[in-house]
Amino acid sequence: MPISSQVLKTIHFTQLKGLKNVEIDFQGNQLTAIMGRNGVGKSTVIHALACIHKPPSSPTGLANYRFSEFFTPTSHSIWTGSRFEVTQDFRDAATVNTDYRTVFTKQQDRWAPKYDTRIERYLSYIGIRTAVPQIEKETKKSRIQFNNNTGVYANANTVMQLAGRIMKRQYAGLNLLTAAGKAYLGVQLDGVDYSSLSMGAGEQRIFYILNEVVKAPNNALILIDEIDVLLHHDALQELLEIINRIAVQKRLQVIFTSHSHSILDNSFINFRHLFQTPTSTLCFNETKPDALQRLTGESQRPLEIFVEDFVAHAIVKKVASQVGMSKYLSIKKFGVAANCFTTVAGAILNQLDNLDNMLFVLDGDVFRSESEKEREAKRALLGDDPIAVQRRVEALSKITEFVLPPGQKPEPYYHSLICRLNNAALSAEQIEIVETARQVQHVQDPHEFFSEIYILMDWEPAVGLSKLIDLLSLTPEWNIITENIRSWLTAMTHQILEQPLAVPKTMTLAPGIPTAPDAAAANLTVTS
């Protein structure tokens, strides 16, 4: 019985080319995008994954990729010392394997383990060479005579229809052409026959990618390097949606690299951004570009606060305005909570010049305990040597959170507070908003507690969010929710405005954020 129910869960690189001490998680959606700057190691990830399986015995003729094809020994490097491991689930006959670990290493002149011991899995690797126009690869310069009897193109009707949807064309035929022992793609459009020799690179690659995805069996692994190359944004978006539908139906895993930030709003894709520091590689999950851009650029304002999402951004902005520090503060989003630790690690490892003036804020619903924070900090900053330990201590001193009751999630909790506001103390507009909020009670996603109000009030999200946070700031719980951010900002006021009070680098405030050692000595008046 063939191996089935296969899921690649993680890959952890100890060292491979420029990738160092980084783990990438592929769980969640069927599609995973590997993103990052040129040279960060995106293609290295795809190349490594291409070599972790051996092809199944059926169907025949599948490529059997080996490390020497992608990591060819040269006089500059023989890749000795390379090491990475993968974790995967699969069923082998009646045996179910969960979190099955395989370690791949290169010692001396051989990779281990032996190729024959690799787990079988149908794998299709689509590299950059498929983006090269067929005409540029053609060596014959004289007339090419295609055979009259064209070959059968597997899944021709399905691939033709899907390609037509992407290209906004009504293809009438799709087949294989042969000439002098070579095979070419042939299509018919508007009564005209033409081959891949006359195709643009984007059109040619769309057919190739679709064919590989359509013909793949259930549980296959599809690897695509630079999926967006030579594709218009609209074509890329349509292609991704089609691939996702097929991947969900057949439980495929599709992992691709991309530079296109235009695809970041697609909730059906896992986004993994790689970022290089002088000593290691970091992986951000579902992050937003502004946090990554900050790690490579200069600060535009003296104070910086990093938050999870737009709601947290609006809350911090409101607090900053209340203490009169808006013009000194830059707020950036890092995405999901785990990215908080990765972002602060990147700032520390890159030795950013504004590090003392940075604060990293969690939403307050996860990683609440000190032990959880320490675990995540150790995951982002590996090592047990004194330098690594000190870096983790520094990282934890820069992380704080909104203060929420145990078990509460941000949007549902904030929504409940707004609904409890007393109408007698509100304006007519605010009463309408509160009454509308009270209508929103049963949602499928916690974020919809706010988004449903936007829809009912016919607001743009940014406008609606601002109005809701204004209302939240009127609740008795507002000062409790925001006390850590407020305390940090008021303490930093003295440094920014060059007051006599100095702000020590390591002081504590519940839970674990820098602040002034004596609030009374600060002689500050905070208006809420």
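Q: How many cavities of 30 Å³ or more does a search of the whole structure find?
A: This is a predicted model, where local features need pLDDT of at least 70 and side-chain atom pairs pLDDT 80 or more, while totals for chains, interfaces and linings use all residues. Residues are numbered from 1 along each chain, and side-chain values use heavy atoms, without hydrogens and water. A cavity is a set of points on a 1 Å grid over the protein atoms alone where a 1.4 Å probe fits but cannot get out; lining residues have an atom within 4 Å of a point. Of 30 Å³ or more, the search finds two.

Q: What is the volume of the largest cavity?
A: Its lining includes His 53, Tyr 65 and Arg 121, and divides into five nonpolar, two polar and two charged residues. The volume, the space filled by probe spheres set on the points, is about 50 Å³.

Q: Which helices each supply at least two residues of the lining of the second largest cavity?
A: This cavity holds about 30 Å³, and its lining includes Asp 309, Phe 402 and Tyr 414. Helices are DSSP runs (H or I, at least four residues) numbered from the N terminus. The suppliers are helix 8 and helix 12 (410-419).

Definitions and conventions. 1 Å grid on protein atoms, 1.4 Å probe; cavity = no way out; pocket = protein on both sides within 12 Å on 5 of 7 lines; lining within 4 Å. Nonpolar A, V, L, I, M, F, W, Y, C, P; charged D, E, K, R; others polar.
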